[in-house]
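Please read the points below alongside the model.

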Amino acid sequence: MKTIDDFNFEDKKALIRVDFNVPLDGEFNVTDTSRIEAATPTILKVLEDGGSAVLMSHLGRPKGQVNSDMSLSHICEKVSEIVGVQVKFVNECVGDEVASAISELQSGEVLLLENLRFHAEEEKGEQGFAEALSKNGDIYVNDAFGTAHRAHASTTIVANYFEENKCFGYLLAKEIKAIEKVMRTGEKPVTAILGGAKVSSKITIIENILDKVDNLIIGGGMTYTFVKANGGQVGDSICEDDKMELALDILKQADEKGVKIYLPVDVLAADAFDNSANTRFVDVNEIPDGWQGLDAGPQSLEIFKKVILESKTILWNGPVGVFEMENFAKGTIAIGNFIDEATQSGAFSLVGGGDSVAAVKQFGFEDKVSYVSTGGGAMLESLEGRTLPGIAAILG
Ligand code: AMP
């Protein structure tokens with residue numbers, strides 16, 4: 001796997017695909033700078049080698065139209081501040097004006113190109129557009145994990161024009177290594193904690209990871225499809241009746257593969273989907289009509305704790321309760337605490353894909369786990385076992 005450390009950028013122009021799709025407020029101020037910060041080590045490596053950096057990204061969904069609200073010019077000052085270099089801006093990403101700005105670029109300088117998605121060809125992955133982008137640098141560096149699952153011109157197709165001169169930036173390399181650790185090289189026992197609302201949205205992940213893990217903890221709304229399929233009473237809990245057979249098949253497959261499955265044994269049930277609803281702890285198999293399970297109960301958490309603390313590699317995807325409501329967030333917070341404890345004892349822990357990242361950030365676990373993925377959709381597709389086109393393009 002070729003990374004940015006395999007190149008010396010002296011007198012070279014690095015064309016870096018970054019993910020600067022950052023949130024802006026009504027006055028175009030960047031409200032969360034974490035994506036810019038995440039790309040900074042890669043930019044600095046190029047500059048410290050004596051090279052220059054040409055940055056390209058998308059922002060928002062302009063759908064192939066120029067839209068000044070989504071111009072990357074809005075973030076140029078913020079990028080300058082974070083990188084520590086006055087970043088230049090050109091209001092196109094291909095063409096003569098860009099070529100002339102790049103030819104004037106000196107070692108140590110950074111140029112930010114305009115939003116790639118002002119061109120419909122970007123998302124279509126069009127060859128001609130990718131070739132035009134490839135003129136913007138000597139070495140192509142992909143550091144945008146968030147779009148690595150898309151075969152867009154700047155994330156995938158452009159790599160075809162660089163033969164040997166292409167590599168992963170630090171951020172993308174870190175994401176790839178974290179996934180590798182969980183899926184292939186991690187120390188055993190490996191435990192996955194899968195939560196979230198529905199079995200249907202996690203089924204491909206479950207089927208893929210049954211070959212990689214020793215333990216699978218299932219929580220959240222998914223629980224009730226498994227419980228009902230096993231003959232339990234789930235009351236008004238979220239349940240996908242048409243996925244019950246699939247749930248039984250997963251349990252059978254897990255058994256055949258020697259994977260231990262842990263479902264909640266008790267849950268916090270509520271008489272409405274509301275933070276102020278009446279609540280009580282009930283056996284997961286005996287949820288009365290009119291009540292729905294919205295969080296894991298204390299006995300379940302004790303069992304999960306033991307499994308997590310004995311693990312050496314941990315993957316967490318999806319909350320074990322409706323964490324957006326304070327009264328049903330305790331289970332998810334407890335899982336975060338157990339993973340924190342396991343990580344302090346030497347386990348490797350990866351949190352990624354979907355709402356678990358939001359939960360981890362909301363409850364302050366971001367610095368307590370080994371790695372929090374920056375790419376929602378890209379991480380989900382990796383966990384499903386798919387080869388991401390943006391990664392394959394660098395490897396190929
Ligand atoms: P996902 O994006 O698949 O990880 O799903 C996350 C969503 O699942 C969150 O919005 C949670 O509120 C929701 N969720 C978790 N547990 C439950 C539950 N027991 N009942 C309904 N929704 C749940």
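**Notes on the model**

1. In β6, Cys-167 is the bridge partner of Val-141. Strand β5 (residues 139–142) and β6 run parallel and are joined by three bridges. Strands here are DSSP runs of E of at least two residues, numbered from the N terminus, and two strands pair if DSSP finds at least two bridges between them.

2. This is a predicted model: local features need pLDDT of at least 70, side-chain atom pairs count only at pLDDT 80 or more, and totals for chains, interfaces and linings use all residues. Residues are numbered from 1 along each chain as its sequence is written, and side-chain values use heavy atoms, with hydrogens and water left out.

3. The six strands form an open sheet with parallel pairing, in the order β3-β4-β2-β1-β5-β6. Its edge strands, β3 (88–90) and β6 (166–168), each pair on one side only.

4. The structure holds zero disulfides (pairs of cysteine sulfur atoms within 2.5 Å). For Cys-93, the closest cysteine sulfur is in Cys-76, 15 Å away, so the distance is too far for a bond. Cys-93 is buried at 1% relative accessibility, whereas Cys-239 is partly exposed at 22%. Buried means under 20% relative accessible area, exposed over 50%, and partly exposed in between (1.4 Å probe, protein chains only).

5. An N or O atom in the side chain of Glu-324 is 2.5 Å from an oxygen atom of the ligand.

Technical notes. Helices (H or I, at least four residues) and strands (E, at least two) are DSSP runs, numbered from the N terminus. A polar contact is a pair of N or O atoms within 3.5 Å; within protein, one must be able to donate a hydrogen and the other to accept it, and residues adjacent in sequence count only if both atoms are side-chain atoms.
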